[in-house]
Amino acid sequence: MDFNVKKLASDAGVFFTRAVQFTEEKLGQAEKTELDPHLENLITRADGTKNWTEKILRQTEVLLQPNPSARIEEFIYDKLDKKLPSRTTNAELLGQYMLEAANEFGPGTPYGSTLITVGEYQKQLGGAEREFLHTSAVNFLSPLRNFLEGDWRTISKERRLLENRRLDLDICKARLKKAKQAEAKAAAAPDFQETRPRNYVLSASASALQSGWESWDVAPDLSVSEQRKLLSEEVDKAEHELRVAQTEFDRQAEVTRLLLEGISSTHLNHLRCLQDFAEAQATYYAQCHHYMQDLQRELNRCANAVGAPQSSAAVCPNPVSSTFLSGPTSPGATVSSSSGQRPSTLTMEQTQLPVTGTRKAKVLYDYDAHDSSELSLLADELITVHTVPGMDPDWLIGERGNEKGKVPVTYLELLS
C-alpha cells in the first residue's frame, strides 16, 4: 500500500490546528468569522427542512406499515438493493380465511354463502390497500428518502468544507495578528551595533523581544535588523496565506449558498409528492367506500332472498341496520305522534309506511347516489320519505324540494 507519511503528518497537523482554533472559539479566546446573514438563514431553513422531512418520512412509514418487524425487513431489503417479496395484506388474509371457512361450513348454507360474499370483498379491500401502499412508496416515500440520502448528504459535505475553510481563515487572521504584534515590538526596540560574535547573547533590551520572536522561529543570535527583516517576511507570508484562505472561503461559501438555495426546489418537489400522496389516499378510501356499499347491497339482497325480516336478521344480517336503527323491541310497542315527547327512532318493523303516508326523516350519514333513480343525501338534513307498492323494503322514496329519488333506510332516522 502506498503510505505517504509526510501527507499523513501534514493532515494531522492541519486537523490539530483546526481543533485548537475551534476550542479557543468555544472558550471565547479567539475571534470567529461570522457568516453572511443570508447564508445563516439558508442554513437554518435547510436544517429545518431536513429535520421535518425525517419526521414526516418516519411517521408515514409507521402509518403505511404499523408492524416494526416488517419495516425493518423493508429497510434491509432497500439497503441491499433487493426487491421486497410480495406480502399479503391483512384484509386479503382475512378474506382468504373466510373463503376457507365457507368451504368447510358449506357454500350452500346461509352462513357459508355470506362468508364467501364478505371474504371476496375483503380481498378486494386488500388489493386496494396494496395498490395504495405501492403508490405511496413510489410517489411520496422514495422522493423524501432520495433527498435525505442524496441532496442532503451533498449539502452536509459542502457545509463541513465551509466550516473547515472558515477555521483556516481565522487561523490565518490570528497568525497575521501575532506577526504584526511581533513586528511592532521589533520596530520599537533600539538598534544595537553588534561588536561581538553573533552567537553572543543579545543585550537585555533585545532579549526582551525574544519571547515574541521565538514563535516565528527567529534565531536569537541574529542582529536586530536581521530579525526585523525576518519578521517583516513573516508578516508578508501571513498576509499572503490570509488572502488565499479568504479566497477559498469565499468560493466555498458561494458553492454552499447555491446548494442551500436549491432547498426551494426541494420544497416544490415535496409539494407535488404530497399532493400525489393525498390523491392516493383519497382514491384508496373512495375504493373502500365503494366496496363496502356494494357489500351492503349484496347482504341486503341476501337477506331479502331468504324471506321475512325476522329470519333474515338471523341468516344474513345487515351489518349497519342494527347500528343505525334502534327502538322498542316488544311486539306490542307503538309510537305515539301526539305524546308530546321527543321524536324517537323507529325499528325495521315500523318503517313499513303506507303507500300514501309520508314522514320526516333525519339523514345519519352522507350518501352518494349511484344512478339517476337514487337521491344523494347529506348528514343531519331532514327529508320527506314514503314508500310505494312492491318496493324493496330496504329502500324508500325521498323528497327534498324538487329533488326525488330512492334512499336507503339504513342511512335514515325516521321521526314519529
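Aromatic pairs, then. The count in this predicted model comes to eight. Take Phe140 and Phe277. Their ring centres are 4.8 Å apart and their planes meet at 15°. The cut-off for stacking is under 30 degrees, so this pair is stacked.

Buried or exposed? Phe140 has a relative accessible area of 4%. Phe277 has 9%. Buried means under 20%, so Phe140 is buried, and so is Phe277.

Phe132, Phe140, Phe277, Tyr284 and Tyr285 form a cluster, linked by ring pairs.

Next, charges over rings. Lys55 lies over the face of Trp52, at 4.5 Å from the ring centre. Lys406 does likewise with Trp395, at 5.4 Å from the ring centre.

On to the sheet. It is open, with five strands in the order S4-S3-S2-S1-S5, and the pairing is antiparallel. Which strands are at the edges? Strand S4, 403–408, and strand S5, 412–414; each pairs on one side only. From one strand to the next, the twist averages 40°.

S2 covers residues 382–386, and S3 covers residues 395–400. These strands run antiparallel, and three bridges join them.

Conventions
Residues are numbered from 1 along each chain as its sequence is written. This is a predicted model: local features need pLDDT of at least 70, side-chain atom pairs count only at pLDDT 80 or more; totals for chains, interfaces and linings use all residues. Side-chain values use heavy atoms; hydrogens and water are left out. Two strands pair if DSSP finds at least two bridges between them. Helices (H or I, at least four residues) and strands (E, at least two) are DSSP runs, numbered from the N terminus. Axes are lines fitted to C-alpha atoms, for helices over the stretch in contact, and angles run from 0 to 180 degrees between N-to-C directions. Rings of Phe, Tyr and Trp (its six-membered ring) pair if their centres lie within 6.5 Å; planes under 30 degrees apart count as stacked, over 60 as edge-to-face and the rest as tilted. Buried means under 20% relative accessible area, exposed over 50%, partly exposed in between (1.4 Å probe, protein chains only). A charge sits over a ring if NZ of Lys or CZ of Arg is within 6 Å of the ring centre and within 35 degrees of the ring normal.
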